[in-house]
Amino acid sequence: EFCTSTKGIDFDLTLTDKALSETISRLQKNSKANEAPKAEPNRAEPLVEAKPANPIKKREGSDYAVLFAFDEYDTRWPHLSNPQNDTRDIARELRDRYKFKEVAVKPNLTLAEFENVIREYQNRKFNVDDQLFFFFAGHGTANEYNNGFLVAKDSPGVFDKRSKGYFISLDELLAEIDQIPSKHIMLVFDA
């Protein structure tokens, strides 16, 4: 038995006993005669039967997205030209093509505003099959240990031990994301 998937539909392809027996017999005869197998016109029974397998169950949950775009900063971090355009394009695709129930675009948030958005999602109710997608676009930096940080609108212009608390720590962000009551969360960083 052979199973495959085509355009989201599973099929079981089963070689019928009679067809298998006839094919083996024909191949044995032909190999003895050193001839290539001959096609049999108007075969009464097909060599292979295709029958639908168990249909793929449609997921019941809803899709949500939060897109953060940081391209303007209050300090020395240079202006970026793509985050706003990228999040706008991604939002359109998620709504139009993928039919997301909710897409929130959050441009140029301060650290406190960013933390409030994460807390908001920690306090939301999600169904078992709901999915949550986070996208972050903007500047990023790292400390001497290669720990990553995202730069908020009001993050200081210099990253050092004293200013570390004014950046979005990826380690802390992942710990906060783990507190969101959704089983399916995807994070994408363009930083």
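**Notebook: strands, sheet and pocket**

I began at glycine 140, whose bridge partner in strand 8 is leucine 150. Strands here are DSSP E runs of at least two residues and helices are H or I runs of at least four, both numbered from the N terminus. Before going on, I noted that this is a predicted model, where local features need pLDDT of at least 70, side-chain atom pairs count only at pLDDT 80 or more, and totals for chains, interfaces and linings use all residues. Residues are numbered from 1 along each chain as its sequence is written, and side-chain values use heavy atoms, with hydrogens and water left out.

Strand 7 and strand 8 (residues 148-150) run antiparallel, joined by 3 bridges; I count two strands as paired if DSSP finds at least two bridges between them. They belong to an open sheet of 3 strands, in the order 7-8-9, with antiparallel pairing. Strand 7 (140-142) and strand 9 are the edges with a single partner strand each, so one side of each has no neighbour in the sheet.

**Strand 6**

Next I looked up strand 6 (residues 131-137). Of its 7 residues, 6 are buried, so strand 6 is largely enclosed by the rest of the structure. (Buried means under 20% relative accessible area, exposed over 50%, partly exposed in between, with a 1.4 Å probe and protein chains only.) Strand 4 (residues 63-69) runs parallel to strand 6, with 7 bridges between them; there I found tyrosine 64 opposite leucine 132. Strand 10 (residues 184-190) also pairs with strand 6 in the parallel sense, over 7 bridges, and phenylalanine 133 has methionine 186 as its bridge partner in strand 10.

The largest pocket has a volume of about 270 Å³. Closest to its centre, among the 14 lining residues, are Leu111, Glu115, Ser169, Glu172 and Leu173. For the record, a pocket is an open set of points on a 1 Å grid over the protein atoms alone, where a 1.4 Å probe fits, with protein on both sides within 12 Å along at least five of seven lines; lining residues have an atom within 4 Å of a point. The volume is the space filled by probe spheres set on the points, which are joined across faces, edges and corners. Helix 3 gives the largest share of the lining, 5 residues.

**Whole protein**

Buried residues make up 32% of the 191 residues. Of the contacts (heavy atoms within 4.5 Å) between residues at least 6 apart in sequence, 68% join residues at least 24 apart.
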